[in-house]
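Keep the structure open beside the text as you read.

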Amino acid sequence: MKKSGRRIAGGVLCAMLVLSAGCERRDERRAEQAPGQRDLLIGLIPEQNIFRQRERYQILKSYLSDHAGINVSFTSLSRYGNIIEHFTKEKLDGAFFGSFTYALAHSQLGVEPLARPVNLDGTSTYQGFLFVRKDSGIRTARDMKDKRFVFVERATTAGYLFPLAYFRDNGITDPRAFLGESFFAGSHDAAVQAVLNREADVGAAKNTIYKQMAAANPRIENELMVLSASGAVPENCLAVRSDLEPGFKRLLKDALLDMDKNAEGKDALRRFGAIRFIETEDGDYAYLYKLSARVGIFLKTYRYENK
């Protein structure tokens, strides 16, 4: 009986040791997956109406809080420009960057891309559109001589880099001297609206915003036409500061990439206006880097002030 008792005691001890070791390994994995920081301040660039944008990202905020325990606060940046200053002064943890603002922040601050949404039409990229009124008589770059041109911002691909490249490709190296007038609308939807309302003769904007507006307003399809489109660049991507805790980066990235794998995530994605999130890397921006070099913009040193 004593031997049997010792065997039982020994078995219990072994089981406890195995259980303890298993618990330790699970605790280690849990520690890796649950870093200390649970609060994030994320910036949003003003690509469209600020109230619609806040409503859309509130959906993402609720999902990340409920399903990953991440408390996200979104702050809307008043202008595209000065993104570097905003990021450092406001101590942002990350931002949903447009392609050009991402390239600036990556080149100057070292931010790291995590993920971007796939749109409802299955695309995860966008293009720049140049557009005019159908009754304007403008069909070529030369027809834009002395006309009014509306850009979006100096820190946008679709609303600035692409039209600069378009002019350069058509032998126009100084668009300001060539055009009669040019101004910045501040957002893509405002640029489309400016041409529609005859405040400008030619405009530039993201194709995704242009198409969203056209679906809601038949005047755009009836009265405007697209003259040229750029190559594709990544949709607005969430990128974070390089010194954010690695475990937290993984937690945040995995939460976004796994949204389409559960019912709550699928519902949030539908209301957000996306199918899923996909992984994004710096190499996805190759076209943007070539485009900026083509128009003589050096991202490491690019500075300007909003006026």
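What follows covers helix packing first, and then pockets and cavities.

This is a predicted model, in which local features need pLDDT of at least 70 and side-chain atom pairs count only at pLDDT 80 or more, while totals for chains, interfaces and linings use all residues. Residues are numbered from 1 along each chain as its sequence is written, and side-chain values use heavy atoms, with hydrogens and water left out.

## Helix pairs

Helices (H or I, at least four residues) and strands (E, at least two) are DSSP runs, numbered from the N terminus. Axes are lines fitted to C-alpha atoms, for helices over the stretch in contact, and angles run from 0 to 180 degrees between N-to-C directions. Angles under 35 degrees count as roughly parallel, over 145 as roughly antiparallel, 65 to 115 as roughly perpendicular and the rest as oblique. A crossing is left-handed if the near helix is turned anticlockwise from the far one by less than a right angle, and right-handed if clockwise.

| Helix pair | Axis angle | Axis distance |
|---|---|---|
| α2 (50-68) and α11 (263-272) | about 165 degrees | 9 Å |
| α7 (188-196) and α8 | roughly 60 degrees | within 9 Å |
| α5 (157-169) and α12 (286-294) | about 55 degrees | 9 Å |

With that angle, α2 and α11 are therefore roughly antiparallel, and their crossing is left-handed. Contact here means heavy atoms within 4.5 Å. On the α2 side, R56, Y57, I59, L60, Y63 and H67 take part, and they meet E264, G265, A268, R271 and F272 of α11. Sorted by class, this contact holds six nonpolar, two polar and three charged residues. In that sorting, Ala, Val, Leu, Ile, Met, Phe, Trp, Tyr, Cys and Pro count as nonpolar, Asp, Glu, Lys and Arg as charged, and the others, Gly among them, as polar.

The axes of α7 and α8 cross at roughly 60 degrees, which makes α7 oblique to α8. Their crossing is right-handed. H188, D189, V192 and Q193 of α7 touch I209, Y210 and M213 of α8.

α5 and α12 are likewise oblique to each other, and α5 passes α12 in a left-handed crossing. Here T157, L161, F162, A165, R168 and D169 from α5 meet L288, L291, S292 and R294 from α12. The classes in this contact are five nonpolar, two polar and three charged.

On a 1 Å grid over the protein atoms alone, a cavity is a set of points where a 1.4 Å probe fits but cannot get out, and a pocket is an open set with protein on both sides within 12 Å along at least five of seven lines; lining residues have an atom within 4 Å of a point. Grid points are joined across faces, edges and corners, and a volume is the space filled by probe spheres set on the points.

Which residues lie nearest the centre of the largest pocket? They are R56, N119, T208, Q212 and G273, among 23 lining residues. The elements giving two or more residues to this lining are α2, β4 (112-119), α8 (207-216) and α11. The largest pocket holds about 530 Å³ of space, and its lining has five nonpolar, nine polar and nine charged residues.

The whole structure has two cavities of 30 Å³ or more. The second largest cavity, of about 30 Å³, is lined by L40, I42, L60, L64, V72, F74, F96, L238 and L252. This lining divides into nine nonpolar, no polar and no charged residues.
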